[in-house]
Each structure stands twice: as C-alpha cells, then as structure tokens.
Amino acid sequence: MITFEEGKQIFKLDTQNTTYMMGLVDDVFLGHIYYGKKLRSAGGSYRFRTDEYPMSPRYLLREKLGFFGGFPFEYPTGGVGDYSESCLDITNEVGQNGCELHYVSHHIEKGKPRLPGLPASFGSEQDVETLFIVLQDELLKVQVELQYSVFEAEDVITRCVTIRNGSEHTYRLEKAYSACLHVEKEKDMELITLAGAWARERHMDRRPVGHGKTGVSTVRGETSHQEHAFLGLVSPETTQTVGEVYGMQLVYSGNYSAQVEKNLYDIYRLTMGINGETFSWKLNAGDVFVTPEAILTYSDQGLGQMSRNYHDFMRNHLIRSPYLHKDRPILINNWEATYFDFNTEKLLDLAREAKKQGIEMLVMDDGWFGKRNFDDSSLGDWVVNEEKLQGGLKYLVDQVNAIGLKFGIWFEPEMVSPDSDLYRAHPDWAIQLKDRPVNMHRAQYVLDITREDVRDYVYGSIAKILRSANIEYVKWDMNRAISDAGSCMLPADQQGEVFHRYVLGLYDLLERLTTEFPNLLLEHCSGGGGRFDAGMLYYGPQIWTSDDTDAVERLRIQEGTALLYPLSTMGAHVSKCPNEQVGRMTSMKMRGDVALSGTFGYELDLTTMPEEEKALIPAQVENYHKYHSLISDGDYYRLHSWDSHAPYDAWMVVSKDKSEALVTFCQVLGRPGYKRILLPLQGLDASAEYILDGEDAVLKNGETVSYEGDLLMELGLLIGNSGDFSSRLYHFRRK
Ligand code: DGJ
C-alpha cells in the first residue's frame, strides 16, 4: 500500500512486513527516511535534522553545501555539492555538469507499466501498486520521474527512473542509476556480494564496510562470471536465520556499477545502475531515457528470508515462460559427451540410450553448422553442416522424435568467427574500434547488435532453423566478453552508447524470439554462468549455472546462485567422472542429488559410461518426477554451507502449505571421530507430525518413523557419517 501524508509530507510504502518512507523538505527536496521492519504510521522526518538546526536552504542559503553534504537525497545528482556517489550526471549544451532536482508532483496507480525495450517485473492491479514522483531541474528543463512499485506479498519494492529532456538543447547523460538507498544504523554493517570466475561463479563474499566506497561493477558488456549486480548490506550478526539484510539487485544484463559508501556521518549510501564508466548517452531535445529496474527487499529474519522474497518475486512477477511451473523435460546434452565430434548416428545412439533411461530430450550443442569442427570457425553461418548431420536437421529431429525424445539446439547468435562467410561479407558487422585490430577471445568477435540490420540477419537465420524442424528448446550461448566497444554505424557523439545499445539489441532479439516461439524452452548460457541475471530470466526460465559440473564445486556455485534465484532457474547436469573441469571423482548419487536442485539433466556419453553408474539413472529420473514441483515452487532454506563450515552442505525445500519437505545433505569429507550429526531443519510446521519416506526412510519394526516438526527444527535430524562425496535425500510428508 502506498500513501502520501500531506501534513507530514511523507510517502509511505508498505509491504506485508516492511515499510519504506521518503519525505519532502521545504516542499522541494526529496529525502530518504526509512526502510526496514513495518511501521504503523508515517513519521520520522526528524531524520533530516532540519528542525534542530535550520540547515535547509530556505533558512540558510549561505550554507547550502552543508545541507547538500548531509541530506539523504532519494536520487542524488552530481555537480552541485552532494559529494557522495551520485545517481545522475548530466552535461549540458555548453559542456558543464550540474543538476539540482526539486519536487514537482506525484501520483499513485494500481498495477505497473511495462518498461519500453527493457525486461521488468509485472503484476496485476491486485498484486502491485506504483508511485510516480516527478522531480525537475528548472534550469535544464529536465524532468526525472522516480518510479516505485510495491509488491506487498513478496516484501519487494522495485525502482526505476525515467529522464526527459524538456529543453531545446542536446544534453549528455553521463550516469543514470536506477536506485539509491540510505541506511543509518548504530552498527558496523557488512556487505555480501557474489564473486567468482569461469567455472566458479557466484561464490558468496562477505566483508566489513569501512569508510569510503566498496562495491561491484563490470565493464565486460555482460553480467560476468566475476561480479554480480547485487548488494546485500547486512548487520554483523546476520546469518541465514537472524539479522537484518537489505538486498538490492538489478534487472540488467550489461555493464553495471553498484556500491556502498559509508560517509562522514557513518551513513551508508547504496547506489546501483548502468555503469557510468562505459556510458555516455546523447539526450536530444524531447528525448526520454529509461533506466533498468532495481529490486529491493528487506528482511529482519536473515539471509534465508531475503532469498525466499527474491525467489517468490521472480517466480510470481518476473519470469514469463510457460515452463515456469511445469516440469522441464530431463535433457541429455552432447557437449561433454562428444564436443565437436558427432554426427547423426552418434546423436541417435545417444537418443536411443537416453530413451531407455527415461530421459526426455536430446540437446545438440555446439558444432552442427558451417564447417565448425573446433571453436575457431563458422559462428554466424547458421547453416546446417550436412556432412555431420547426414540427411539434414529435419531428418535428425524427426528421428529423435520417433525415438520418443524432444529435440533442442545450441546457438551463439551474438558472435561471429573471423573465419566465416558472414565476416568475410560484412567485416563492419563486428564490434570494433576504428583502425585498431579487434581483440579476439576463443577466436571470435562480437557482432554489433546495436545495428538493426545485424539484428535482422541474426534473428532471420535463427528463426529459419527453428521453423525448419520440431525444435522445442534453445540454448542461447555467449562465449566472450565485449572489448573494443565501437560501432561502425554510430556517429562519433554516440559511440559512448554502444554498451547499453548492445544490451537493448539483445533484449530486442530475445523479445522477437519469445514472441514468435512462445512455447520454446529457452536456456541462457554464457561460457557457463557468465550472464546469470534477472534480466535474462524475463525471457527464459533457466540459465546454465556453470561449466563446472563437479558435484563439490557446484555446492558453492549453487549456494551463491540460490541466494537470489529460484532453484528452478539453475541449469544443473550430471556429468562424468573424473570431472572434466577439476578431475575429481564423486559418487554418481551425489552428482544426481546436487543436480536435482536445479533443472536436472545429463551431460555425458550414455553409450560408454560405466554400467554400475548408468544403473542409477532410472532412480534419479524417478526422483526428479517425484520432487521437481516441490523443488521448483517450494520455499528454499539453506541449512549448512560446506564453504564456510566444512565438511558438509545441506539445504531443504518446503512446500508452501508445509505438507512436505525435501532435505538434501552432501557430505564432502568424512568426519574422523564423529559418528552422526544433528542437523536442525527449518521452515516446517512446528505443530505438525512428519513421516520420513523415500530412499532414506528409517523403518523401525516395520513402521515408518515419524517426527514432530518442532523437534526436527529445534533438535535436528540425526544423520550418519557416510564418507567422502556422499549424499542423502530425506523426504518428509505431514502425517
Ligand atoms: C560454453 C557452454 O557453457 C558449454 O556448455 C558449451 O555449450 C560450449 N560453450 C559450446 O561452445
């Protein structure tokens, strides 16, 4: 619910458990008052300290900088005396930077409008209410509309900003962030971010916040393996189950910058948006610029509640795919089974074997087009290689369908190989800087999808393949970051727009794809999990989490990813051992149990794998069918993290009505001297009695053991020591 209290000049935004408040000073300056646990009524503008000492410019114009230096601006601007990180920097027609925003008006609407060209959350008029606050710089004639959408049930507030140039001049936006938040606490807050690299994406990283700025950013042109557009500001005592957490995350798939700044008054300013370092946008007279959306949530019940807020929000209001609540077909992907060395017969052999095991879809990965037998050619030439696929693509798909499997295919649409017909015909279609040799990665260039003609070509060639056969799944890959960010098409004064235009171009392609093929199951990928973000989830319900399929490495990667994203979004496959990335041997059971908490599939050669491992597949397939809707739609609780408290890892999912729960326990290392551990569970109905069933049910005198919910949560479940790289699933049903 959103209210504006005229007398107090306070905006109050309430969700089920939180309150967000802003206030006006002198009817002019919009400042942040409070975000936290739900409050009964509007108040607290004394936070601005304008009453104890009349610092506001109305009373003390000669000390305006003193006011600007301490006022918690809701949307701080640069150039005029707020010396902390600004959200908006505008250069005017004479090249000077300065902007001061004053309140003009506001209105409240039921529902939430779409953002033109950008992915954004959505909801019905019952689910969400939106506040629009218009601010203006009177000299520049620039209007800034702050948009706040309140999702009550999920305890989420989304924010974005629309900037309009109402003058007759051309300006330049040097920075336009999506959100700012001021947190004032008598505690030394800490920052949680997600950091990593290829094959170890999104590891949780926690550090103290000292004075000055600390944060995350990328200039790679994609979300990146290395950093993530998320800030979690937490109290020192915060754990999974207790303590305060402020979460802020961006619905965007390109360059971002997000930081916390602790200022001279020990107030924390969080800011987040498109990275100003690689952004400069020409704003002609009458032009409008819309920022991506930021998703804010607050919990005083620890990190676990923040995760559940984000999971519910994404499932209810961000992911559009019709597959969201459906079981995804269990797939087998041929990448680690064959790499580039396959043909029709090999794929059909895999499909036949897969069918016997209960697998439901064959995905043909990289190498089916042009003359691509290695990673150094043919990207952009989306023409079937009939030497490999004898009989053609339609023949292969029909045969796979006849065996009883669905068929999926891999593309890397945004790329071009120097060794390709496409590049030979259109060298200017690659992103590049004038006269400078383009830097390659994996022997490839990035296509300039800021251009409409390039996008038309890319879309046309993908769509042609998809129309040619019964293809029900696409893996959309991107295997290098952007460098040399110039476009042969844009004029000199718009080259600073390349990175953002690239992301808009990508969204345009994905929108066209999902419009023409609404029932396609789309899995995003970027050299593993280099572009795992909320923006991409708007178009496809799942993302390949990492190229690292080792069951132990996956524990950290999936824990970090699940901090923000529902388990149903995490692409997870069982692969062979020794593992291709780290060479480790783990049990087939553990590989299966870890992948079960994702979209679940296989990535190995079924025709050559050890028979004793293959024999476990039918049981894993059965588990998937039994538990997948619980895993996809339930509430996620992180019980233990082997990363921070070796030697085991554990999490659970509880159905919304608390009638069933699935606990996954992975023992990474044995525990010398300990026989069994007590693992306290979470999220159960304390007053209910639960029966343990499934593979780890304990039978006593032929009877199924039952436990009381409160006992399981307070004392815990007794778990035996089962040795290195072993795992267990415990399924509970309410009696
Ligand atoms: C990177 C992906 O993450 C892999 O799964 C595979 O599709 C390769 N690209 C293919 O080039």
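In the predicted model, E523 makes contact (heavy atoms within 4.5 Å) with L331, Y473, V474, K475, W476, Q542, I543, W544 and G571, residues up to four places away in sequence being left aside. E523 belongs to strand β27, residues 521-524, where strands (E, at least two residues) and helices (H or I, at least four) are DSSP runs numbered from the N terminus. Although E523 is buried, it has no salt bridge, and K475, the nearest side chain of opposite charge, is 6.4 Å away. Here buried means under 20% relative accessible area, exposed over 50% and partly exposed in between, with a 1.4 Å probe and protein chains only; a salt bridge requires a side-chain nitrogen of Lys or Arg within 4 Å of a carboxyl oxygen of Asp or Glu. Lys and Arg count as positive and Asp and Glu as negative, while His and the chain ends are not counted. The side chain of E523 does reach the backbone nitrogen of W544, at 3.5 Å.

An N or O atom in the side chain of D477 is 2.7 Å from a nitrogen atom of the ligand, and a polar side-chain atom of N479 lies 3.3 Å from a ligand nitrogen atom. For R442, a polar side-chain atom is found 2.9 Å from an oxygen atom of the ligand.

Beyond four places in sequence, the residues touched by I409 include V363, W368, L393, I465 and K475.

S587 is located in the loop between β30 (573-575) and α11 (588-596), and it counts as partly exposed because its relative accessibility is 27%. Its side chain reaches the backbone nitrogen of M590 at 3.0 Å, and S587 touches F725 and S726, again not counting residues up to four places away in sequence.

Residues are numbered from 1 along each chain as its sequence is written. As this is a predicted model, local features need pLDDT of at least 70 and side-chain atom pairs count only at pLDDT 80 or more, whereas totals for chains, interfaces and linings use all residues, and side-chain values use heavy atoms, with hydrogens and water left out.

Note on methods:
Polar contact = N/O pair within 3.5 Å; in protein donor to acceptor, adjacent residues only side chain to side chain.
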